[in-house]
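Hi,

Here is the structure I said I would pass on. Have a look at it first, and then read my notes below.

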Amino acid sequence: MPSRRADPLTLEVVELIGSVVARYHEEYEDAAASHQLTGAQARVLTLLSLEPMPMRRIAQQLKCEPSNITGIVDRLESRGLVERRPDPADRRVKLAAPTQEGLQTADRLRESLDFAREPLAGLSAAERAVLRDLLKRMLG
């Protein structure tokens with residue numbers, strides 16, 4: 001029976017990935033708080049700034065329960081950052097969509113995320129492409 005113990009290089013890589021994820025989450029939470037948002041609200045707003053979508057799809061993208069998304073969208077809507085509108089393809093479905101203020105907030109939020117941008121800037125375009133491709137491969 002093969003050993004289930006990982007080799008030292010794999011352990012180091014796992015630890016480094018964990019450190020990157022922890023730093024990213026910490027900075028994301030700080031950036032969100034600077035815009036009076038929770039991390040979850042910031043993630044939803046950032047996702048919606050790419051395209052309006054139904055709450056079920058938001059939940060799928062963020063891997064959480066649709067009922068959680070409803071509460072987050074309610075709070076974003078009460079702040080004037082998001083609105084609900086009928087889906088032109090199926091008027092029975094409501095889309096969550098950013099308002100103009102929501103788009104501006106999402107842009108400012110992205111601009112304030114230096115952690116990921118600064119270390120990546122130290123890599124060449126070719127190195128960033130290799131990193132991207134390796135991460136995609138790891139995620140399947």
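Before anything else: this is a predicted model.

Let's start with the pocket. The residues lining the largest pocket split into 17 nonpolar, one polar and four charged. That lining has 22 residues, and Val-20, Val-21, Leu-120, Leu-131 and Leu-135 are the ones nearest the pocket's centre. The space inside the largest pocket comes to about 900 Å³.

Which helix gives the most to the lining of the largest pocket? That would be H7, with nine residues. Three helices each supply at least two residues of this lining: H1 (8–34), H6 (114–121) and H7 (125–139).

Now for the helix pairs. As a bit of background, two packed helices are described by the angle between their axes and the distance between the axes.

Take H1 and H2 to begin with. Their axes come within 8 Å and cross at roughly 85°. Angles of 65 to 115 degrees count as roughly perpendicular, so H1 and H2 are roughly perpendicular to each other. On the H1 side, the contact is made by His-25, Tyr-28, Glu-29 and Ala-32, while H2 brings Gly-39, Ala-42, Arg-43 and Thr-46. Sorted by class, the residues of this H1–H2 contact are three nonpolar, three polar and two charged.

H2 (residues 39–50) also packs against H4, with axes that come within 10 Å and cross at roughly 85°. H2 and H4 are therefore roughly perpendicular to each other as well. Here H2 uses Ala-40, Gln-41, Val-44 and Leu-45, and H4 uses Ile-69, Ile-72, Val-73, Arg-75 and Leu-76. The H2–H4 contact has seven nonpolar residues, plus one polar and one charged.

Last pair: how do H3 and H4 cross? The axes of H3 (residues 55–62) and H4 (residues 66–78) come within 8 Å, at a crossing angle of roughly 110°. That makes H3 roughly perpendicular to H4, and H3 passes H4 in a right-handed crossing. If you want to find the contact on screen, look for Met-55, Arg-56, Ile-58, Ala-59 and Leu-62 of H3 against Pro-66, Ile-69, Thr-70 and Val-73 of H4. By class, that contact of H3 with H4 has seven nonpolar, one polar and one charged residues.

Cheers

How values were computed: Residues numbered from 1 in each chain as written. Predicted model: local features only at pLDDT ≥ 70, side-chain atom pairs only at ≥ 80, totals over all residues. Heavy atoms only, no water. 1 Å grid on protein atoms, 1.4 Å probe; cavity = no way out; pocket = protein on both sides within 12 Å on 5 of 7 lines; lining within 4 Å. Points joined across faces, edges and corners; volume = space filled by probe spheres on them. Helix = DSSP H or I, 4+ residues; strand = E, 2+ residues; numbered from the N terminus. Nonpolar A, V, L, I, M, F, W, Y, C, P; charged D, E, K, R; others polar. Axes fitted to C-alpha atoms, helices over the stretch in contact; angles between N-to-C directions. Parallel < 35°, antiparallel > 145°, perpendicular 65-115°, else oblique. Left-handed = near helix turned anticlockwise from the far one by under 90°. Contact = heavy atoms within 4.5 Å.
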